[in-house]
Amino acid sequence: MTITIPANLAANTAASATALVEKAANAPKAELHIHIEGSLEPELIFALAQRNNVKLAYDSIDALRAAYAFTDLQSFLDIYYAGASVLLTEQDFYDMTMAYCERALADNVVHTEIFFDPQTHTERGVPIETVVAGIDRALADAEKRGLSSKLILCFLRHLSESDALATFDAAQPLFARYARLIGVGLDSSERGHPPSKFERVFEKARALGLKLVAHAGEEGPPSYIYEALDLLKVDRVDHGVRSIEDPALVTRLADTRVALTVCPLSNTKLCVFDDMTQHTLKALLDKGVAVTVNSDDPAYFGGYVNENYRAIIEALKLDDGEVYTILRNGFEASFVTPEERAALIAKLDANWNRATA
Ligand code: HPA
Ligand code: ZN
């Protein structure tokens, strides 16, 4: 039997999705998964290359953008690290971070927790102090404009454990100096680099009282998510979308409320899912997992956080309550104090209840 949807009902559904996209765009929100080097737009890459006399493998902005046709995580990372090679001075890190903050403020992000990859810079001779000083100065300026923030140092998992340990040692004074620098994470090429490789450095970070996160279950199997939980003892899992393959894991995530920082446009651009209608975000949400929505590397994946909300609202036909839950999860899962969390949720509630969709 075929069911025909009356034209006026179909039009109504489309209209309500459009209204919900707008309502979500206007809502105050948190972003918990953004690599600051992944916010470098091609225009800024070229401007910094010129300022610093760095030679790029692409001779125009358009040629660089044309290379953004990724087939998997590694094909993206190769270009992402090439883009980051233009960053040399404290002012470069400031300019990159401020450009992201402008985009985040335009999307009504009121709290952001930002990843950075120090090893990408220290291996080119840029001191870790330069990296953190530039990023933190921009975040302090953005805070005055209503965007609060935290900073999370990520270890590159394709490099060795001893490299991560040395990076952690070099960063120790910075954890004491910068109040915003509150945690460590794990990113880069997932397959073949399980969380267990970094158990000892995460143990050291935990001993310092730092927050812990790790990318797991983006391309890697559910066993990597178990390792992130059981060996690294993470507070959140970045991506984690492959958890859906293991029902016991989904139940555990739902019961413990360990949040997933999901990045929908990233997942389709890197071919984790064939298209957005295949995304597992709604299935995870339906099972009670604390799913959040984030932009990952917005300059490379076709949109900042509001475009990610648009994509899932439209493709997964989310309703008002589901979008509210995701927005609220962002604040629930953020590394702020209980008082700050209550204030952020009150702000969301006031906005959401006032708005119509
Ligand atoms: N996955 C892993 N590492 C990364 C990513 C990602 O999506 N973006 C930047 N580094
Ligand atoms: Zn990421």
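Select Asp297 first: this residue is buried, with a relative accessible area of 3%. Here buried means under 20% relative accessible area, exposed over 50%, and partly exposed in between (1.4 Å probe, protein chains only). The structure is a predicted model, in which local features need pLDDT of at least 70 and side-chain atom pairs count only at pLDDT 80 or more, while totals for chains, interfaces and linings use all residues. Residues are numbered from 1 along each chain as its sequence is written, chains are lettered from A and ligands numbered from 1 in the order in which they are written, and side-chain values use heavy atoms, with hydrogens and water left out.

Asp297 lies in the loop between strand E8 (291–293) and helix H14 (298–301). Helices (H or I, at least four residues) and strands (E, at least two) are DSSP runs, numbered from the N terminus. An unreviewed UniProt entry lists Asp297 under "binding site"; such annotations may be inferred rather than shown by experiment. Leaving aside residues up to four places away in sequence, Asp297 touches His35, Gly38, Phe76 and Tyr80, where contact means heavy atoms within 4.5 Å.

Next, select the zinc ion (ligand 2). Which residues coordinate the zinc ion? They are His33 (NE2), His35 (NE2), His215 (NE2) and Asp296 (OD), at 2.0 to 2.2 Å. Donors are N, O and S atoms within 2.8 Å of the metal (3.2 Å for Na, K and Ca); water is not among the atoms, so sites may look incomplete. The 4 donor atoms subtend angles of 82 to 175 degrees, which makes the arrangement irregular. Four donors count as tetrahedral if all angles lie between 85 and 135 degrees; four count as square planar and six as octahedral if opposite donors are over 155 degrees apart and all others between 65 and 115; anything else is irregular.

Now colour His35 and His215. His35 belongs to strand E1 and His215 to strand E5 (residues 211–216), 180 residues apart, so this pair links distant parts of the chain. His35 is buried at 4% relative accessibility, and His215 is buried with a relative accessible area of 4%.

Finally, move to strand E2 (residues 109–116). Because 8 of its 8 residues are buried, E2 is largely enclosed by the rest of the structure. E2 pairs in the parallel sense with strand E1 (residues 29–35) over 5 bridges, and with strand E3 (residues 148–156) over 6 bridges, also parallel; two strands pair if DSSP finds at least two bridges between them. To locate these pairings, find Lys29 opposite Val109 in E2 and His111 opposite Ser148 in E3.
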